[in-house]
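Good morning, and thank you for coming.

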Amino acid sequence: MSFNEGVQSDPGRVRSRGGRRAAGVGGGSVVALLAVFLIAQFTGVDVSGLLGDQDSSADGTATGGVDLSHCRTGADANAHTECRMVTTADSLDVVWSAELAAQDSGVTYEPPDFVVFQDSVSTGCGSATSATGPFYCPADSTVYLDLGFFQQMESDFGASDAPLAQEYVVAHEWGHHIQNLMGTFSAHDSQEQGDQGAGVRMELQADCYAGIWMNRASSTVDPDSGEVFLQRPDQDEIAQALQTAAAIGDDRIQERYQGRSDSDTWTHGSAEQRQHWLTTGLESGSITQCDTFSADRV
């Protein structure tokens with residue numbers, strides 16, 4: 001298990017949206033896989049270049065949203081992936097509210113919206129489908145995620161299908177929200193490519209912030225239940241999260257789908273870089289240690 005069972009969850013914290021299944025965009029298509037790799041180039045600008053509008057598919061079929069009404073405790077989160085998203089969001093809110101204050105960040109925490117969707121969704125950054133993968137839209141301060149991504153992450157990328165690994169993905173996107181609050185998006189060009197470019201540094205900092213959450217959630221108390229949110233991760237769980245970070249590294253994805261890796265076109269960082277910065281946040285718990293923009297090399 002990952003969360004303490006008595007932790008109280010608010011199913012209203014996460015919104016669920018259905019969508020219209022877009023024609024020609026299958027969950028396991030090459031287009032879908034490469035879209036996950038390319039999303040950093042569009043995040044915060046316009047993801048509509050990746051995928052068509054949810055209402056534009058002539059043969060689309062309407063789908064319902066995800067039922068979250070049963071997601072009320074840590075036990076529910078340990079049993080159901082959709083509930084894991086709710087409790088992860090609750091814990092991220094409490095952890096980051098405390099850490100931004102305690103670490104003198106100069107920023108007051110404001111929670112992002114979190115939307116779990118199916119097939120397609122309309123956002124402040126444009127329209128997207130499940131092929132986009134999880135992303136954060138600064139324009140509407142919202143994290144978007146299709147739960148089907150976790151299955152694809154495991155089957156197509158070799159990532160770990162484990163609770164902490166899934167929570168890391170959400171915590172990474174939350175890291176982009178922290179960047180938005182701290183003015184990082186406006187200070188740097190997140191579309192700059194290359195292994196030392198601003199785009200990669202943005203993504204690696206979000207990995208580091210995810211590590212901070214992993215560090216603090218096992219000592220942060222849920223105010224509704226009085227229990228600590230997360231059971232302290234053991235080495236196997238940490239290894240699974242690191243495996244996931246490596247599996248979605250640019251070099252791994254490019255080598256698989258292009259036959260070679262070109263560091264000049266990286267947008268998220270290599271497997272080694274992603275593991276390093278996730279570990280930095282996990283071990284330090286420090287916002288200042290996550291300053292990827294001050295490092296000579298990341």
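The mean pLDDT of the protein is 85, and 84% of its residues reach 70 or more. One stretch calls for caution: over residues 20-63, pLDDT stays under 50. The model has 100 contacts beyond four places in sequence for that stretch. Where pLDDT is low, the predicted coordinates should not be read in detail.

Let us now consider the strands. Strand S6 covers residues 142-146, and five of its five residues are buried.

Which way do the neighbouring strands run relative to S6, parallel or antiparallel? Strand S2 runs parallel to S6, and five bridges join the two. Within this pairing, valine 116 has leucine 145 of S6 as its bridge partner. Strand S5, residues 135-137, runs antiparallel to S6 and is joined to it by three bridges. Here tyrosine 136 stands opposite valine 143. S5 and S6 form a hairpin with four residues between the strands; in this hairpin, serine 141 takes a positive phi near 50°.

Serine 141 also leads us back to S2. Aspartate 113 belongs to that strand, which spans residues 113-117. In sequence, aspartate 113 and serine 141 are 28 residues apart, yet their C-alpha atoms are 6.4 Å apart in space. Leaving aside residues up to four places away in sequence, aspartate 113 touches Arg13, Arg15, Ser141, Thr142 and Val143. Its relative accessibility is 36%, so aspartate 113 counts as partly exposed.

I turn finally to the helices. H5 is mostly covered, with 16 of its 19 residues buried. After H5 comes glycine 183, whose phi is positive, near 80°.

Helix H7, residues 198-216, has 19 residues and reaches 27 Å, close to the expected 27 Å. Why is H7 described as largely enclosed by the rest of the structure? The reason is that 18 of its 19 residues are buried.

Thank you for your attention.

How values were computed:
Residues numbered from 1 in each chain as written. Predicted model: local features only at pLDDT ≥ 70, side-chain atom pairs only at ≥ 80, totals over all residues. Heavy atoms only, no water. pLDDT = per-residue confidence, 0-100. Contact = heavy atoms within 4.5 Å. Expected span 1.5 Å × (residues − 1). Buried < 20%, exposed > 50% of the residue type's maximum accessible area, 1.4 Å probe, protein only. Pairing = 2+ DSSP bridges.
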